[in-house]
Amino acid sequence: MDEFIVVTGALGFIGTNLVRALNARGLDNLILVDHLGNDDKWKNIRTLNFEEYYDRRTFLNLLENEKLGPIKSIFHMGACSSTTETDCNFLMENNYRYTKKLAQFAWDRHIQMILASSAATYGDGRFGYSDDESDTFRYLPLNMYGMSKHLFDKWAIRDKIYETSGFVGLKFFNVYGPYEDHKGDMRSVIWKAYQQIKEHGYVELFKSYREDYQDGEQVRDFVYVKDVVKVMLYFFDNPQLCGLFNCGTGRARSWNDLAKAVFKAMNLPPNIHYIDMPPYLREKYQYHTCADINKLRHVGYEEAFSLLEDGVEDYVNNYLRLL
């Protein structure tokens, strides 16, 4: 019997892109794990090839009772990714304890595991964006989503999980690209901007509430999902590697840059409106993120990351226009 590759969060945004890339390699010995609610996430399954699909609870039950068969690798993308989620108990169970159970299972059986952390663990950036494990304990996330990811990273570092060959945590920065349609308010600003321009002819961006940033000049490290998948597959192909790594481009770009890139991809002149930021976000808002990718380069990853304009062009014209 072939060893299975498990992908949790398999029908989500990053998970769907990952499964499609594995299928493109001819791999369909996949166990997909997700939770299908009332949104359109189910549509992502239509073009995927796989061995079996399980809801998270069924999967955990089978896992704990050793009924899944041999497993080669686990890609753990399953989590609540909403940065505005306020149910802390839910986040602790879904993002922290669930991940610990999978990691302990994989560690005990010497199974490769590649999992999603987040740039939200860095908080407001006052301590920088270093993915050196020794720096992790000083970071102060701004929301409970970031904290749930941060707590796992701290546990994995304390218990030396990230020092085990095949165990890799990836701190995703601002990922955008195809198959995020189901994410509601958590869809990327590129998706939202495209829809706004189609309907109204303009894009709305948040005003700045800091004197050192002009409106729309808040910056993020925007990384195309196709590049994120390439990073994951690099570690999949090199199971001797381990550690916690940033997954971003290493370049900070402004929201204005992003909006202008969408207009350019649509062959339209920029038309940007600046709106008030909701009060509940103002104290939790990151004005600057930028991945330090030296550690990723040090372990041999040499692929170039897409320029924002190129990624947006591909996303708009080869996906969004076709919806």
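**Asking how we know**

Q: Why is Lys207 called partly exposed?
A: Lys207 has a relative accessible area of 29%. Partly exposed covers the range between buried, under 20%, and exposed, over 50%, so Lys207 belongs in that middle class. Keep in mind that this model is predicted.

Q: What makes Asp276 and Lys207 a salt bridge?
A: The closest N and O atoms of the two residues are 3.1 Å apart. The limit is 4 Å, so the pair qualifies. Asp276 lies in the loop between strand E13 (272-275) and helix H8 (279-282), and Lys207 in the loop between strand E8 (203-206) and strand E9 (219-220), so the pair ties together parts that are 69 residues apart in sequence.

Q: How do you know that Glu133 and Lys295 form a salt bridge?
A: Here the closest N and O atoms are 2.7 Å apart, and that is within 4 Å. Glu133 sits in the loop between strand E5 (112-118) and helix H4 (144-158), while Lys295 sits in helix H9 (residues 294-298), so parts that are 162 residues apart in sequence are tied together. In total, the structure holds 14 salt bridges.

Q: What about Arg253 and Glu309: what makes them a salt bridge?
A: Their closest N and O atoms are 2.5 Å apart, again within the 4 Å limit. Arg253 is in strand E12 (residues 253-254) and Glu309 in helix H10 (residues 308-318), so this pair ties together parts that are 56 residues apart in sequence.

Q: Is Arg253 buried or exposed, and how do you know?
A: Arg253 has a relative accessible area of 14%. Buried means under 20%, so Arg253 is buried. Salt bridges that share partners join Arg253, Asp257 and Glu309 into one network.

Q: What makes helix H7 mostly covered?
A: Eight of the eleven residues in helix H7 (residues 255-265) are buried. Among them are Trp255, Leu258, Val262 and Phe263.

Q: How do you know that the size of the protein chain agrees with a compact globule?
A: With 323 residues, a compact globule would have a radius of gyration near 20 Å. The protein chain has 19 Å, so the two agree. Buried residues make up 54% of the 323 residues.

Definitions and conventions:
Residues numbered from 1 in each chain as written. Predicted model: local features only at pLDDT ≥ 70, side-chain atom pairs only at ≥ 80, totals over all residues. Heavy atoms only, no water. Rg over C-alpha atoms; globule rule 2.2 N^0.38 Å. Buried < 20%, exposed > 50% of the residue type's maximum accessible area, 1.4 Å probe, protein only. Helix = DSSP H or I, 4+ residues; strand = E, 2+ residues; numbered from the N terminus. Salt bridge = Lys/Arg side-chain N within 4 Å of Asp/Glu carboxyl O.
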